[in-house]
Number of protein chains: 2
Amino acid sequence: MSAKQGLVIVHTGDGKGKTTAALGLLLRQWGHGLPVVMLQFMKSRNLRCGEHLAAERLGVEMIPLGDGFTWDSANLERDRRTAQECWAVAKEKIQSGQYSMVILDELTYPLNYGWLDIGEVSEVIRNRQLGMHVVITGRNAPPELIALADLVTEMRKIKHPFDRGIAAQKGIEL
Amino acid sequence: MSAKQGLVIVHTGDGKGKTTAALGLLLRQWGHGLPVVMLQFMKSRNLRCGEHLAAERLGVEMIPLGDGFTWDSANLERDRRTAQECWAVAKEKIQSGQYSMVILDELTYPLNYGWLDIGEVSEVIRNRQLGMHVVITGRNAPPELIALADLVTEMRKIKHPFDRGIAAQKGIEL
């Protein structure tokens, strides 16, 4: 593997900082003038977080795909279809060859729910253009993803303010 | 502790993503138009990483303080003095009351080397203005810091490309 080969980076674990560290990578890429895109599998399109406000101001594509996800076990077929539609967008971005980094935020959830096929996802990632980095975040990264990855970090919760009843805050989680 | 109280956030552990996740918090703050400053205790002023290029373009203060650090065990007094000078800058920023978030990147190292007094550092952080978040990164966060913190995440290395001889890359580590 040459230094020119892009990395597959996974942020997993039950702690904070998985998406946040992906945002940090996005910022470093942007700082170098490199084209980066972030696809968010679980964030509703209606949510306006600090990261979305920032991305807009940076001129970086950040696409919340979660709109339509109901997590409605009464309608698993619809959830599966929505996940497939989200993946189609991600796949198109990866195969476009236009990005130095593609961030697949919270991709592990539709994988673990069985809505997406890890085999197909792995293949698309493995066949990406030389030099493209792929960053994947989410709890419980499946073993196939860990095997595929070059860099895996587990974010472990040591202490969390939610445990003491502190709500999510603007500019921290939001 | 009210929701208005700022958090003390610690990113520690041997894995990647400690500074990177701090950059993600910086980006969320900036996205909300909140004033944030990042002080880097170990980065040389001569280093031009993606985060510095980004910060410049964002108009965010990011101050590498590490210039002058030699890690020269032959001159411990000089190292200690430099660390104290760095801390004086950080303390001034915290006490200025001008920031929603102060990031003390890699502060654990001068603490662990005994160049800074954890008691004094804790006191300054504890007495900060209401609503100011303080983010501290670095390996081996001392127990006093963990005790003081509201949110502690350990970044654990599961797999790392350096293990396979892949060098640091622009827009990832740099």
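Which side chain meets B:Lys93 in a salt bridge? That of B:Glu61, at 2.8 Å from N to O. A salt bridge here is a side-chain nitrogen of Lys or Arg within 4 Å of a carboxyl oxygen of Asp or Glu.

Before going on, some conventions. This is a predicted model, where local features need pLDDT of at least 70, side-chain atom pairs count only at pLDDT 80 or more, and totals for chains, interfaces and linings use all residues. Residues are numbered from 1 along each chain as its sequence is written, chains are lettered from A and ligands numbered from 1 in the order in which they are written, and side-chain values use heavy atoms, with hydrogens and water left out.

Back to the pair. B:Lys93 is in helix α3 (residues 76-96) and B:Glu61 in strand β3 (residues 61-64) of chain B, 32 residues apart. Helices (H or I, at least four residues) and strands (E, at least two) are DSSP runs, numbered from the N terminus. B:Lys93 is buried at 12% relative accessible area, and B:Glu61 is partly exposed at 32%. Buried means under 20%, exposed over 50%, partly exposed in between, with a 1.4 Å probe and protein chains only.

Chain A has a salt bridge between A:Glu61 and A:Lys93, also with 2.8 Å from N to O.

Now across the chains. B:Arg156 and A:Glu154 form a salt bridge, with their closest N and O atoms 2.8 Å apart. Each residue lies in strand β6 (residues 151-159) of its own chain, so the pair joins two chains. A:Glu154 is buried at 18%; B:Arg156 is partly exposed at 32%.

Over all chains, the structure holds twelve salt bridges.
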